[in-house]
Every structure is written in structure tokens, then in C-alpha cells.
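Here are my notes from going through this one; have the model open while you read.

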Amino acid sequence: MAHPINMPQVGQDIETAVITEWKVKEGDHVSKGDVVALVESDKAVFEVEVFQSGTILKLLFQEEDEASVLEPIAIIGEAGEKLEDLIISTPESREEGQAFAPEPIYSPDEAPAGVVKIFASPSARRLSAELELDLNQLSGTGPQGRIIKEDVLKASARAKGSGTSGEAGGKRAEQFAAGDTVIPFSRMRQSIADRMSRSSRDIPHFYLTMKADVTEFLAWREQYLDRSGNKISVNDLVVKAVSSALVKFPKMNAHVAADSSALCREVNIGIAVSLEDGLLVPVIPDTPSLDMAEIAAKVKEISGLAREGILAVGPAGTFTVSNLGMLGVSEFLPIINPPEAGILGVGTIEKQLVLRPDGKVGSRNILSLTLGCDHRAVDGYYAGLFLRSIREEIASIELWQPL
């Protein structure tokens with residue numbers, strides 16, 4: 001029986017993605033788990049896998065076409081199956097149960113007589129409506145002259161620069177002086193700017209800071225490296241400690257909406273990874289089920305892929321860890337990654353003098369932790385207990401030593 005291959009949900013708040021490469025062609029046989037396409041969102045490149053074996057009966061989009069998430073992009077089934085009677089549940093036909101037929105896409109030269117069709121991607125249409133730009137007045141730089149989102153942004157910038165967009169455009173133009181180097185935001189930077197602006201605007205943030213002693217852990221880590229040859233970072237330790245604390249404090253492991261908070265069944269910790277032109281947050285699914293060595297291996301794997309612009313399609317993150325300690329940053333106030341209820345900022349390790357029980361002065365390695373919370377979901381006391389639990393987990397020999 002034929003089934004659709006849908007555009008995966010490649011991230012929170014992402015509505016469309018571009019098919020950058022088909023790994024198959026019509027008539028190819030594929031097995032469950034095979035990668036059939038690469039798709040690109042505003043954040044990263046994702047692989048599209050098939051969940052059943054069969055024959056690729058139809059590719060519904062070409063490379064560089066943009067499709068909505070959960071929209072069918074291909075059909076898989078048994079060789080020779082007819083598609084005329086195929087019923088596919090799409091957002092538009094889910095209630096009616098009507099047969100799926102993709103909207104015909106014509107280039108300006110291919111449109112049949114009497115058909116007037118603007119050749120534009122879905123995101124370009126939405127953005128042009130928001131900016132009140134007439135698509136008929138724009139030229140496309142996409143495949144076959146298709147108008148894409150970047151064409152709309154450039155047209156908007158030209159309009160603002162010339163003052164044709166009224167007061168808003170005039171104010172924007174005044175921000176730049178002659179000789180300034182203007183760098184247009186990439187798709188990733190636009191996505192980050194939109195997401196973080198909404199987070200700062202809509203989420204009532206508050207912050208708590210606490211210090212954790214990592215002296216014993218650092219000494220053990222050296223012994224473990226000599227014994228096994230494997231590296232365990234302080235960030236790996238923090239991720240493990242956070243995952244354990246989230247199990248004990250489920251209100252911090254939540255997705256928050258305007259009028260409710262959903263306690264997530266699984267603990268899936270996201271790791272903030274810096275790129276040349278942005279930030280990605282790959283996720284470790286079911287983090288508490290992993291030991292320290294497994295977490296270290298997983299962090300290395302997903303961080304490496306993220307730096308190549310690749311994220312795995314998987315469960316949504318429930319909490320994020322962001323580390324700037326390697327840069328010597330003592331403390332910072334991270335912005336929550338919505339819809340999560342919290343984020344942990346990890347600072348650098350600093351040596352501090354302490355008075356030992358015998359009255360002598362010694363030194364300890366102290367790590368700075370700053371917890372950002374959504375005040376709609378938790379209050380300061382609960383968040384303080386959660387942060388203290390993280391500190392206790394970090395100092396717990398049982399957490400990291402039995403490896």
C-alpha cells in the first residue's frame with residue numbers, strides 16, 4: 001500500500017524547509033531507515049529517512065523547492081501501484097479525506113493559457129504579505145525564476161533605503177551612516193533574531209547563580225583519561241548533573257505556553273553549539289539513561305554534526321545547557337529557548353582560596369552556574385532547589401566515578 005513521505009518537523013517554530021538534494025529517483029527501491037533526501041531549514045540541514053521499505057513511486061517536489069512541514073514530498077509503495085486512488089491526510093484534507101493532488105507549479109513560461117500564477121515559495125508569500133509587498137513587482141532568483149524569501153527581504157531593504165516604506169523605512173535608513181559596512185542577516189541569523197526577540201519579549205526571565213566545586217572531579221578526570229584514553233569534559237559532567245536534577249524537579253523539564261505548562265515525559269537536553277554565523281541546539285534524547293562516557297560520546301557526535309550544519313530529526317529539547325566557560329567568561333545570562341522553562345549558563349572554572357578545617361589556606365576549583373527560568377512556570381524557591389540539586393550532583397562521586 002502506498003504511503004506519503006512527509007517533510008519532517010525539523011524544529012520548533014519552523015514552518016517550511018527546502019529540499020536541497022534528493023538521494024533517490026522515481027522507481028528506486030529503498031529500505032527502512034534509508035535517507036531519501038536532505039532538507040534545509042532556517043537553522044540546519046536534516047536527513048529525511050523512510051520508515052518502511054518499498055519503491056519510490058513519485059517525487060512531488062524538485063530540488064530547491066520549499067515545502068511545508070508535515071506536507072507530503074514523495075510517495076512510497078509497491079512497484080506498479082496506481083496513485084489516482086491514493087488518499088493522503090494533509091493539513092487541508094485531513095477532515096474531508098480527499099485524494100491528495102499537489103498544486104501545479106508553473107514557471108512564468110510554462111503557465112497554461114488563462115492561468116496567471118505568481119511563481120513564489122510559501123515563505124516568500126507569507127513574508128511579502130507581512131511586509132505589504134506586491135509579488136507581481138518582484139523578480140525571482142530561485143530555480144526557474146521562482147521568487148524566494150531572500151528576494152522579498154532584498155526588495156524590502158531597497159524600499160526602506162529609498163524611503164518608500166514610509167516612516168518605518170526612513171527610521172531604518174537613518175541607522176546607517178555613509179561608509180558603514182552593512183551585513184544582511186542570513187536565514188539562520190534571521191531565525192535566531194526572531195526566536196530570541198520573542199523569548200525576551202514574551203518570557204518573564206529571572207536568574208539565579210550558584211558556585212559548584214569541581215576539584216575532585218578534575219583530579220578523577222585525569223586518572224580516567226590515563227586509564228581509558230577517553231576524555232570527559234566539565235560540560236559532560238554538567239549535562240549529566242542537569243539530567244539527574246531534572247528527574248527530581250519536573251517543573252523545570254517543561255514546555256510553557258501562554259496559559260499552561262506541560263511537564264515533559266522525557267528529559268531531552270539540548271547543547272548550545274556556536275557556529276560561524278549563528279547557533280544550533282542539537283538534542284540528546286532521554287539523557288538520564290546515559291552514563292558519563294555515553295554522554296561524552298553523544299555530545300561530541302551531535303556537536304560535530306551541528307558545526308557542519310546538520311541536526312538529527314528527533315524529539316524536541318526540554319532544557320538547554322549553554323557553556324561559555326572555555327572563553328574565560330565568568331558568568332552570563334542566557335536567554336531561554338522557547339518553549340522550554342529554563343536554561344543553564346555555564347561559566348569558567350576559577351581557583352579560589354578557601355580556609356581548610358585545619359586552619360590552613362588551600363585552593364579549590366570553582367565552577368559558576370547561572371540558571372535562567374520562566375517565571376510563569378516556576379518561582380525562585382523551586383528554581384533555587386533545582387540549582388542546588390545540580391551543584392550537589394556535580395560534587396557527587398557516585399554520579400561520575402563508577403565508569
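1. Start with serine 156, which is buried, at a relative accessible area of 8%; the cut-off for that label is under 20%. Bear in mind that this is a predicted model.

2. Where does serine 156 sit? Its place is in helix H2, residues 149–162. Setting aside neighbours within four places in sequence, serine 156 is in contact with Leu131 and Leu133.

3. Now the four-stranded sheet: it is open, antiparallel, and ordered S5-S4-S2-S7. From one strand to the next, the twist averages 40°.

4. For a closer look at that sheet, take S4 (residues 35–40), which pairs with S5 in the antiparallel sense over five bridges. Valine 35 has glutamate 49 in S5 as its bridge partner.

5. The other sheet has six strands, is open too, and reads S9-S18-S17-S16-S12-S15 with mixed pairing. Its edges are S9 (205–213) and S15 (283–284); each has a single partner strand, so one side of each lacks a neighbour in the sheet.

6. Within it, S12 (residues 269–271) and S16 (residues 319–323) run parallel and are joined by three bridges. Glycine 270 is opposite threonine 320 in S16.

7. Finally, the helices on this sheet. H5 (residues 215–228) lies across S9, S17 (342–355) and S18 (361–374), at about 105° to S18. H8 (residues 380–394) lies across S9, S16, S17 and S18, and runs at about 25° to S9.

Terms used: Residues numbered from 1 in each chain as written. Predicted model: local features only at pLDDT ≥ 70, side-chain atom pairs only at ≥ 80, totals over all residues. Heavy atoms only, no water. Pairing = 2+ DSSP bridges. Helix = DSSP H or I, 4+ residues; strand = E, 2+ residues; numbered from the N terminus. Axes fitted to C-alpha atoms, helices over the stretch in contact; angles between N-to-C directions. Buried < 20%, exposed > 50% of the residue type's maximum accessible area, 1.4 Å probe, protein only. Contact = heavy atoms within 4.5 Å.
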